Amino acid sequence: ATPTAIMVGTGLGAKRGVLFKNAAALETASGIDTVVMDKTGTLTKGEPEVTDFIAHGIDEDELLALVAAVERESEHPLAGAVVDYAVARGVRSTTASAFRNVPGHGAGATVDGRKIFVGNRKLMVGEGIDLALVAQERESLASTGRTAVLVAVDGRAVGVIALADAARETAAPAVAALHEAGIEVVMLSGDNEATASRIAAQLGIDTVIAEVLPGDKAAKMRELQQAGKRVAMVGDGVNDAPALAQADLGIAIGAGTDVAIETADVVLMRSDPLDVPIALTIGKGTVRKMR
Ligand code: ADP
Ligand code: MG
């Protein structure tokens, strides 16, 4: 590798806020054939907002107060959106006890003597909760690309919360540019299958791996590598760090968590998905000059 080519590549990247941490990252970027992108916070803005709140057999504000009490204890971005929504509706929430976080699924707690669970379908199934009242609404909301979260009170699902997280403006153009360059694009998400598939379709992504548990993202990288792919992973979350480390090239969104930024080989300071194809192009240019 000629030092000049590396300096030129690093400098070109830096001008756009694409930070290559070392020369090896530039070289690896040149050979990538598959880009795996995290959904929430990478392809989307990572700022979910409640769009629908549905309650069955319980007063809406009463249910919202119960859910908000649980979500106040959680650090999940969806939890923050639910709390904001409750505050905006002027709902006063009480305090939760016996809070329990279930990574990749949701949370539970006791509020006003009632057992509350909030989270995805898997969480409810695991807790033996009756889904009859909300199954239909959950499906129709998810099919629109919104994240549908269920709420259970004392063993029965009585609420559905739909949350929308807008795609970054340049997510679809970034996917198109990668395809143009002959690179396969895969979406990886902890969100449910219907929601992830809908958003992937909107962005022109044809391969979706959904309902991936936080601990399983790195294993998905290994599977792709074992199939002979040279994989770049693009992510922002704490959940993404092991996958960023496992990938041939880890690319972190600059607005993401510290651990993702520290683990990655490349950091996109502008948090712009379009900088993903640009990073790979800079890698190719550098290697060409080295030969
Ligand atoms: P992602 O990778 O999309 O950020 P996570 O693995 O963090 O997703 O969570 C997966 C799913 O679990 C979420 O889409 C949501 O349905 C559910 N979930 C997790 N934590 C919570 C919570 N605190 N409140 C509501 N739902 C939750
Ligand atoms: Mg994310």
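Biologist: Is Asp-154 buried or partly exposed?

Modeller: Asp-154 is partly exposed, with a relative accessible area of 47%. Buried means under 20% relative accessible area, exposed over 50%, and partly exposed in between, with a 1.4 Å probe and protein chains only. Before we go on: this is a predicted model, where local features need pLDDT of at least 70, side-chain atom pairs count only at pLDDT 80 or more, and totals for chains, interfaces and linings use all residues. Residues are numbered from 1 along each chain as its sequence is written, chains are lettered from A and ligands numbered from 1 in the order in which they are written, and side-chain values use heavy atoms, with hydrogens and water left out.

Biologist: Good. Where is Asp-154 found?

Modeller: In the loop between S7 and strand S8 (156–164). Helices (H or I, at least four residues) and strands (E, at least two) are DSSP runs, numbered from the N terminus. Phi of Asp-154 is near 45°, which is a positive value in a residue other than glycine.

Biologist: What about phi of Ser-271?

Modeller: Ser-271 has a positive phi too, near 55°, and again this is not a glycine. Ser-271 sits in the loop between strand S13 (266–268) and helix H13 (275–290). Ser-271 counts as buried, at 8% relative accessibility.

Biologist: On to the ligands. Which residues come nearest to ligand 1?

Modeller: Thr-40, Glu-71, Ser-74, His-76 and His-105, out of 20 residues around ligand 1. A residue is near a molecule or strand if one of its heavy atoms lies within 4 Å of it. By class, that shell has five nonpolar, twelve polar and three charged residues. Ala, Val, Leu, Ile, Met, Phe, Trp, Tyr, Cys and Pro count as nonpolar, Asp, Glu, Lys and Arg as charged, and the others, Gly among them, as polar.

Biologist: Which backbone atoms lie by the polar atoms of ligand 1?

Modeller: A polar backbone atom of Gly-104 is 3.3 Å from an oxygen atom of ligand 1, and one of Gly-190 is 3.3 Å from an oxygen atom of the ligand. For His-105, a backbone N or O atom lies 3.4 Å from a nitrogen atom of ligand 1. A polar contact is a pair of N or O atoms within 3.5 Å; within protein, one must be able to donate a hydrogen and the other to accept it, and residues adjacent in sequence count only if both atoms are side-chain atoms.

Biologist: How much of ligand 1's accessible area does the protein cover?

Modeller: The protein covers 93% of the 550 Å² that ligand 1 has on its own. Accessible areas come from the Shrake-Rupley method with a 1.4 Å probe, and for residues only the protein chains shown count as cover. The elements giving two or more residues to the shell are helix H5 (77–88), strand S6 (114–119) and strand S7 (147–153).

Biologist: And what coordinates the magnesium ion?

Modeller: Asp-38 (OD), Thr-40 (O) and Asp-236 (OD) coordinate the magnesium ion, ligand 2, at 2.0 to 2.2 Å. Donors are N, O and S atoms within 2.8 Å of the metal (3.2 Å for Na, K and Ca), and water is not among the atoms, so sites may look incomplete. Along the chain the donors follow the spacing D-x1-T-x195-D. Asp-38 is buried, at 5% relative accessible area, while Thr-40 is partly exposed at 33%.

Biologist: Asp-240 next. What does its side chain make a polar contact with?

Modeller: With the side chain of Lys-217, at 2.6 Å. Asp-240 is in the loop between strand S11 (231–235) and helix H11 (241–246), and counts as buried at 1% relative accessibility. Not counting residues up to four places away in sequence, Asp-240 touches Asp-38, Lys-217, Met-233 and Gly-235; contact means heavy atoms within 4.5 Å.

Biologist: How far apart are Val-259 and Asp-240 in space?

Modeller: They are 8.9 Å apart, C-alpha to C-alpha, and 19 residues apart in sequence. Val-259 lies in helix H12 (residues 258–263) and is partly exposed, at 32%.

Biologist: Last one: where is Thr-42, and is it buried or exposed?

Modeller: Thr-42 is in helix H3 (residues 39–43) and is buried, with a relative accessible area of 1%. Leaving aside neighbours within four places in sequence, the contacts of Thr-42 include Arg-168, Asp-236 and Pro-273.
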